[in-house]
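Please look over the two-chain model shown here.

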Amino acid sequence: MLLNQFLLLGAVLFSVGVYGVLARRNGVMVLMSIELMLNAVNLNLVAFGVQHNVVSGQVFALFIIAVAAAEVGVGLAIVLLLYRNRKSIAVDEFDLMKG
Amino acid sequence: MWMLENAFLIPLIPAISFVVILLFGRSVIGADRVHRVGIAAVGIVWVLSMIAAAAWIVRVEDGTAGPDDTDSHALVGVSEGYAAAGAMSGGENLAAEDDGHGVVEDDGHGADDGHGSTGTEPVISTFSGWWSNAGVDFTVGTLVDGTTVLLLIVVTSISLLVHVYSSEYVKGDRRFVHYYAFLSLFTAAMLLFVMAQNLVQMIVGWELVGVCSFVLIGHWWEERPNTDASLKAFLTNRVGDIGLIIGVIILYGTFKTFDIDTINRMVPEKAGTEHFALLIAAIALMAAVASKSGQFPLHTWLPDAMAGPTPVSALIHAATMVVAGVYMIARLYPVFYEGLSIGSSSINLMAFIGGFTALIGAGLAFAQWDIKKVLAYSTVSQLGYMVMALGVGAWTAAMFHLFTHAFFKACLFLGAGSVSHAAHHTFDMREMGGLRKHMPHTYKTFVIATLALAGVFPFAGFWSKDEILLGALAGQQRAYPLMLIFGCVVALMTAAYMTRVIWYTFWGEYRGHGHPHESPKMMTVPLWILAGMAVVAGVFNLPAGVLSPIGLEGFAHRVQTYAEPSIYLNAVGLSHPDPSLILALVGLALALAGIAITFLYYWRNSGPHGLTERNRYAKAGYTFLENKYYLDRLYTDIIVGSIKAPIARAANWVNQNVIDKVVDTAGETARDSGRWVYRWIDQGTIDGGVNAIASGADAGGQGLRGMQTGKVQNYGSLLFGTAAVAAIVFVIVL
């Protein structure tokens with residue numbers, strides 16, 4: 001079985017996503033990186049589901065896709081409002097909660 | 001017989017009533033209804049007392065004198081054993097006495113001799129284990145015999161009538177609940193005292209009635225004279241109480257028991273060897289009698305005690321509590337009889353104190369304007385009469401006089417209360433007068449009671465007074481001539497001063513203000529009952545000679561037959577004199593002469609009027625009487641004054657040099673230790689600890705502050721970094 005390859009791909013995708021979330025300044029790029037991480041997890045779920053010959057892996061993946069769609073909707077709305085108020089979507093400029 | 005064995009119920013019921021009234025009187029029962037509880041309780045007790053009296057009479061008539069009959073449910077072994085032994089030795093003794101005296105003196109009693117000389121065993125119920133100390137068991141119980149039953153009848157009857165009377169007299173008083181609670185407590189305490197089985201219990205009852213007296217004299221304590229009077233009563237009684245305690249201790253030392261029955265039975269066998277101890281005990285107990293029963297020289301509290309409400313004066317300071325001393329003598333009569341050699345002397349301490357008190361009390365009654373004080377001095381005088389009777393060996397006469405006196409003196413006091421109720425709360429006879437038209441019931445009952453007190457035939461006082469005079473004339477082995485003279489003079493004076501009271505109160509013109517009116521039924525009915533008793537109470541101890549013409553000899557000397565504890569008294573050789581018609585006529589003549597002289601003086605306006613203004617000696621005598629023989633002056637100014645100043649100086653020195661120093665040192669030490677605690681414990685340790693915790697938290701917060709950048713990506717880095725570290729640890733460890 002090619003499980004190792006899938007897991008490796010998932011790990012790479014996840015790491016790329018993490019890098020994007022932590023390092024990119026553009027808010028839209030952060031959201032896209034989150035999508036990368038979610039899809040890395042989806043890949044893992046489907047791969048394990050096939051490996052164990054159960055369907056629940058794919059069911060979870062579908063759920064995650066649905067939730068991710070909602071999440072990205074809300075996220076893009078926040079980014080839009082941020083841009084309207086501050087004329088910027090650079091996430092490192094928003095530090096009102098600084099202690 | 002059940003009632004006699006369970007006599008403890010009799011004091012228990014008013015005690016419960018006291019607690020109920022005190023705790024629930026104002027809240028549950030209602031302040032205007034508490035008198036019903038008191039009256040109900042005393043009513044039940046009155047019925048029980050009557051049952052007890054009936055049971056006792058049946059017991060005497062049956063002649064159930066055997067010791068087997070006396071042991072009740074819880075008799076203590078020791079006292080039972082002794083009771084049997086004592087009964088036997090007592091029996092032998094009295095057989096011997098009968099040989100000596102019976103032929104000569106006892107013939108006059110006819111049918112009663114059979115019962116009178118054998119004597120009926122008292123019913124003793126002992127509940128052991130009140131407490132025990134140093135191997136001595138202090139018991140509590142009841143001793144019921146004829147003497148007890150006589151007092152039960154007196155106390156419960158007067159108490160019941162006073163309860164009823166008070167419901168009107170004290171109505172609307174600010175301390176109505178309190179008043180009834182203490183009336184109940186007094187009744188309970190007096191009954192406990194009367195039935196005391198041992199001397200310790202007797203002291204408890206004695207002190208309890210003293211406390212009730214104190215509380216009720218000071219019932220209206222807002223006014224200074226009332227509190228002064230109650231304190232005076234209490235403190236004067238303390239003087240005598242020391243005598244009581246000393247007397248009881250001596251009796252215990254002599255007889256090794258507190259049991260009254262045992263002591264009375266042991267007296268004849270100890271009399272020879274322990275005469276001195278008995279003498280000292282009797283003298284010490286006489287001091288107690290002097291304070292409680294208002295005998296010279298401790299009688300001064302009794303007139304002041306009239307500051308209390310009038311029904312209280314009638315119940316406590318005329319009929320019951322003040323006879324406690326007389327009753328104690330009667331209860332421990334063998335001790336006094338042997339200790340003071342009553343049988344063989346022609347004058348002794350008790351007879352002299354009694355006679356002298358009777359005389360000075362009667363003298364003082366002339367110089368009083370306060371109607372209650374006249375009656376108070378009359379009470380002092382009559383109590384002196386009773387003590388004198390006991391002093392000359394006339395036991396029955398004294399108790400009979402106690403019995404009759406309780407009724408007519410209570411009637412007089414309640415009459416005085418009724419007069420005061422009508423005449424706008426004054427007791428000053430100068431503001432009365434002419435009340436016979438306005439208050440017919442009070443007037444009639446007052447006159448009846450006065451005739452009884454004066455000793456006019458056929459009222460109750462005549463019979464009892466005559467027996468006392470007879471006792472003094474006959475004496476025991478020798479006559480008591482001085483006592484007879486005292487008795488006759490007092491009989492004359494009593495009639496005279498009581499007639500004076502009637503003149504000032506009920507005759508002449510009304511001198512007060514407002515319109516006097518007759519008192520309501522709740523007050524006049526008790527008056528009529530008491531007046532009725534003042535008429536008929538004398539029939540309970542008629543001499544046989546009076547009854548033989550109508551064929552009722554069997555009814556003669558009932559008080560003597562039933563009340564006299566002959567089982568004790570015969571053992572010491574007490575004898576009864578034969579009645580003397582001449583002496584009775586002399587006594588009656590004296591009473592009538594007293595009334596006649598006063599009648600002439602006031603009604604006919606003859607005699608030396610204004611003598612006290614004209615004659616220097618008469619004026620001095622009157623002043624002497626007005627100042628009560630300067631006895632109060634002697635006590636407060638000379639005795640108390642001379643002791644007070646050095647004690648005050650010594651107390652001041654001790655106060656300045658010892659107590660203040662101790663207090664100052666304690667204060668300074670406390671201040672210093674307070675400072676030390678403030679500096680080191682409070683500021684140093686506690687505050688320091690709290691501050692250290694606070695500043696630690698502050699420093700930690702400042703350190704962690706740097707982490708809160710507000711940038712989401714920093715938080716994300718920390719999150720993923722931590723997760724990565726945790727994952728590595730997870731993998732390595734597992």
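## Model and numbering

This is a predicted model; local features need pLDDT of at least 70, side-chain atom pairs count only at pLDDT 80 or more, and totals for chains, interfaces and linings use all residues. Residues are numbered from 1 along each chain as its sequence is written, while chains are lettered from A and ligands numbered from 1 in the order in which they are written.

## Chain A

Chain A has three helices and zero strands. Its pattern along the sequence is α-α-α. Helices (H or I, at least four residues) and strands (E, at least two) are DSSP runs, numbered from the N terminus.

Of the 99 residues in chain A, 15% are buried. A residue is buried if 20 or more other C-beta atoms lie within 10 Å of its own, exposed if 12 or fewer, and partly exposed in between; C-beta atoms are placed from the backbone. Two residues are in contact if their C-beta atoms, placed from the backbone, lie within 7 Å. Among the contacts in chain A with a separation of 6 or more, 48% are between residues 24 or more positions apart.

## Where the chains touch

Helix α2 (residues 9–29) of chain B has 21 residues, but its end C-alpha atoms are only 23 Å apart. A straight helix would reach 30 Å at 1.5 Å a residue; the expected span is 1.5 Å times one less than the number of residues. α2(B) has a kink of about 50°, centred on L23(B). The bend at a residue is the angle between axes fitted to the seven residues ending there and the seven starting there.

Buried residues of α2(B) include P11(B), P14(B), F18(B) and G25(B). The buried residues of this helix pack against α3 (34–62), α7 (146–169) and α8 (176–194) of chain B. After α2(B) comes G30(B), with a positive phi near 100°.

## Helix α7 against helix α19

In chain B, α7(B) packs on helix α19 (residues 395–422) at an angle of about 5°, with the axes 10 Å apart. α7(B) is therefore roughly parallel to α19(B), a term for angles under 35 degrees. Axes are lines fitted to C-alpha atoms, for helices over the stretch in contact, and angles run from 0 to 180 degrees between N-to-C directions.

Contact residues in α7(B) include L150(B), V154(B) and I158(B), and those in α19(B) include F403(B), A406(B) and L414(B). By class, this contact has ten nonpolar, three polar and no charged residues.

Most residues other than glycine have a negative phi, and most peptide bonds are trans. Two cases in chain B are cis. One joins F296(B) and P297(B), with omega about 5°. P297(B) is in the loop between α12 (275–292) and α13 (301–304). Another cis bond joins F457(B) and P458(B), with omega about 0°. P458(B) sits in the loop between α21 (440–454) and α22 (460–474).

K87(A) has a positive phi, near 55°, and lies in the segment after α3 (56–86) of chain A. K87(A) counts as exposed because it has 7 C-beta neighbours inside 10 Å. K256(B) also has a positive phi, about 60°. K256(B) has 12 such neighbours inside 10 Å, so it too counts as exposed.

Note on methods:
Angles under 35 degrees count as roughly parallel, over 145 as roughly antiparallel, 65 to 115 as roughly perpendicular and the rest as oblique. Ala, Val, Leu, Ile, Met, Phe, Trp, Tyr, Cys and Pro count as nonpolar, Asp, Glu, Lys and Arg as charged, and the others, Gly among them, as polar.
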